[in-house]
Amino acid sequence: MNKQSICILATDQFPISSTLYLPAQPNNTFVMVCSATGVKRSYYDLYAIHLCERGFTVLTYDYRGIGGSKVGDNWKGKTPSMSDWGRKDLEGVIQWVNEYYPEKFFTAVVHSVGGQLIGLAASNNSIKAVLAVASQSGYIGHWSGVEKLKFYGVMYFAIPVATYLFGRMPGVLLGSEDLPKGVALQWAYWCRSRHYIVDRKGAPVRDGFEKYDHKIRFYCIADDLMYGPLKSVEALAGYYKSAKTEVVVRQAEDYGVDNIGHFGFFQSYMPAIAWDETATWLKEREAESCNA
C-alpha cells in the first residue's frame with residue numbers, strides 16, 4: 001500500500017488537505033470517504049487502510065476549517081459555511097476523482113453530515129453508489145425524550161452563545177474539532193427548520209438530492225440516540241427521491257461489541273466483519289453495473 005498526502009482544490013480554489021491510499025493490487029473501485037461534522041480525515045485512517053488492503057483505492061479529505069484544511073490568513077474568500085463543504089469542497093473532490101480516476105467505479109462511504117453534503121454537490125450523480133453511516137436530517141423534531149432536550153439546547157443556545165463568545169464553536173462541546181463560526185451557525189439554523197437544509201429564506205434545498213438516482217444504503221446505528229435516531233435517518237433517505245435507498249438498522253451486538261454510537265463504527269475496536277460488510281456492498285454495486 002502507498003499512502004500519499006495530497007492537496008485538492010475546491011471549486012473556489014480553497015486548498016483541501018487529502019490522503020490518497022493506493023493498493024498494491026488494485027481492484028476497479030474508488031472509495032471517497034466523507035467525514036462527519038468537525039471530524040478530521042485521520043479519524044478514518046484505519047478504515048481506509050482496511051479497504052485499501054482489499055484492493056480499493058481510497059481518498060479521505062478535510063472540509064475547510066477542519067484538520068489540515070484550516071483557513072489561513074492568506075485566504076481572501078468568504079468565511080466557511082456548512083453548505084460550502086458540499087457545494088465547493090466535496091464538489092471539488094468529486095471533480096478531482098473524475099479527472100484522475102475516470103476508469104474506476106466511483107463510490108462513497110459517508111459519515112453523518114457527509115450523507116447530507118452529497119445532495120449539495122453538483123456532480124454527485126457521478127458517484128455510482130453511496131454507503132451512509134449514521135447520516136441523518138438534523139431537524140430537532142426527529143428527536144424525542146431527553147435527547148431532544150439536549151439537541152434543542154445545543155442548537156438554540158449552546159451554538160449561538162459559544163460562537164458569539166469565542167468566534168467559533170468549541171469542539172469540546174460536540175466531541176469534535178472546533179467548528180468555524182459560519183459552519184456552526186448555519187448548522188444550527190438548519191436544525192431549527194423542519195426542512196433542515198434550507199436557504200436563507202427558509203425554503204428547502206432539494207434539487208441536488210432529488211437528481212441523485214443511484215443506490216444509497218443508510219446504516220442507522222441503534223444506540224446512536226443523540227445524533228442519529230431512526231426517524232432522522234429515514235427523513236434524510238426521503239430527500240433522495242430518485243435514488244434507490246434502503247435504511248438498515250445495525251445493533252452493537254451484530255458485530256459483537258458493547259456499543260457503537262455515532263462515532264464508533266470507524267474506531268479501531270470495530271471487528272473486521274463490520275468493515276468487510278461495507279466493502280462487500282460496494283463491490284456488489286460494481287458487479288451490478290458491469291451486468292447492467
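This briefing covers the nonpolar cores, the helix packing and a few loop residues of the structure above.

The model is predicted: local features need pLDDT of at least 70, side-chain atom pairs count only at pLDDT 80 or more, and totals for chains, interfaces and linings use all residues. Residues are numbered from 1 along each chain as its sequence is written, and side-chain values use heavy atoms, with hydrogens and water left out. The largest nonpolar core has 63 residues, and another core, of 33 residues, lies apart from it.

**Nonpolar cores**

- A nonpolar core is a set of buried Ala, Val, Leu, Ile, Met, Phe, Trp, Tyr and Cys residues joined through side-chain atoms within 4.5 Å; buried means under 20% relative accessible area, exposed over 50%, and partly exposed in between (1.4 Å probe, protein chains only).
- In the largest core, of 63 residues, Met32 and Tyr240 have the most contacts inside it.
- Helix H2 (residues 82–100) gives the most to this core, with 7 residues; helices (H or I, at least four residues) and strands (E, at least two) are DSSP runs, numbered from the N terminus.
- The other core, of 33 residues, includes Tyr44, Val133, Val248 and Trp281.
- Tyr240 is in contact (heavy atoms within 4.5 Å) with Gly115, Gln116, Ile118, Gly119, Phe209, Tyr212, Ile216, Phe218 and Thr245, not counting residues up to four places away in sequence.

**Helix H7**

- Helix H7 (residues 230–239) has Ser232, Val233, Ala235, Leu236, Ala237 and Tyr239 as its buried residues.
- Among the elements that cover these buried residues are helix H3 (113–117), helix H6 (207–211), strand S9 (215–221) and strand S10 (244–250).

**Helix H5 and its partners**

- Axes are lines fitted to C-alpha atoms, for helices over the stretch in contact, and angles run from 0 to 180 degrees between N-to-C directions.
- Helix H4 (residues 145–166) packs on helix H5 (residues 181–191) at an angle of about 150 degrees, with the axes 10 Å apart.
- H4 and H5 are therefore roughly antiparallel to each other; angles under 35 degrees count as roughly parallel, over 145 as roughly antiparallel, 65 to 115 as roughly perpendicular and the rest as oblique.
- From H4, the contact is made by Phe151, Met155, Ile159, Pro160 and Thr163, and from H5 by Lys181, Ala184, Leu185, Trp187, Ala188 and Cys191.
- By class, the contact of H4 with H5 has 9 nonpolar, 1 polar and 1 charged residues; Ala, Val, Leu, Ile, Met, Phe, Trp, Tyr, Cys and Pro count as nonpolar, Asp, Glu, Lys and Arg as charged, and the others, Gly among them, as polar.
- H2 and H5 pack with their axes 6 Å apart, at an angle of about 105 degrees, and are therefore roughly perpendicular to each other.
- Here Met82, Ser83 and Trp85 of H2 meet Gly182, Val183, Gln186, Trp187 and Trp190 of H5.
- The contact of H2 with H5 has 5 nonpolar, 3 polar and no charged residues by class.

**Loop residues**

- Val71 lies in the loop between strand S4 (57–61) and H2, and counts as partly exposed at 34% relative accessibility.
- Val71 touches Phe14, Gly65 and Pro80, not counting residues up to four places away in sequence.
- Val71 and Pro180 are 109 residues apart in sequence and 9.1 Å apart in space, C-alpha to C-alpha.
- Most residues other than glycine have a negative phi.
- Gln13, in the loop between strand S1 (2–9) and strand S2 (15–22), has a positive phi of about 75 degrees although it is not a glycine.
- Ser112, in the loop between strand S5 (105–111) and H3, has a positive phi of about 55 degrees and counts as buried at 7% relative accessibility.
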